[in-house]
Amino acid sequence: MRYQEVSELKQRINELTHRHTSQIEDLNKKYQSSLEIQLNLKNKINSHVAEMVNNKQQMNSHSESLQSENQSLKSELGKLTQDVQSVEKRARELSESHRIQLSDLHASYQEQLKSALEQSKLV
């Protein structure tokens, strides 16, 4: 081979080597960028997962609080229902007692009226 051919081949090899080195550097940059994007996405996902776990814990705590409050309200409703039933029973008893008293009073009034009429006829 001639010196010029060897020289041209060396130059061509250098050009190809330079181009391949440049391509490898570009690929490495893209790979690094991809790794950074993956890490960023992983961090965002982890953050969202942590937030969701926290929200679930808060919802569970709130749910427990509501269940406790619901149980308390049910108990209070039960007591109030018993109180209403007691008041209704007492009202029925008083109503019956007043009805009997009114009936007796009416009978007494009619007896007095009848007696007064009889006395007025005697006079």
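Predicted model: local features only at pLDDT ≥ 70, side-chain atom pairs only at ≥ 80, totals over all residues.
**Figure 1. Arg 90 meets Glu 93.** These side chains form a salt bridge, with their closest N and O atoms 3.6 Å apart; the term means a side-chain nitrogen of Lys or Arg within 4 Å of a carboxyl oxygen of Asp or Glu. Arg 90 and Glu 93 are 3 residues apart in helix α1, so about one helical turn separates them. (A helix is a DSSP run of H or I, at least four residues, numbered from the N terminus.)

**Figure 2. Arg 99 meets Glu 96.** Here the closest N and O atoms of the salt bridge are 2.7 Å apart. Arg 99 is partly exposed at 48% relative accessibility, and Glu 96 is partly exposed at 36%. (Buried is under 20% relative accessible area, exposed over 50%, partly exposed in between, using a 1.4 Å probe and protein chains only.)

**Figure 3. Arg 2 meets Glu 5.** Their salt bridge spans 3.7 Å, N to O. Arg 2 is exposed, at 55%, while Glu 5 is partly exposed, at 32%.

**Notes.** Residues are numbered from 1 along each chain as its sequence is written, and side-chain values use heavy atoms, without hydrogens and water. Local features need pLDDT of at least 70 and side-chain atom pairs 80 or more, whereas totals for chains, interfaces and linings use all residues.

Methods. Helix = DSSP H or I, 4+ residues; strand = E, 2+ residues; numbered from the N terminus.
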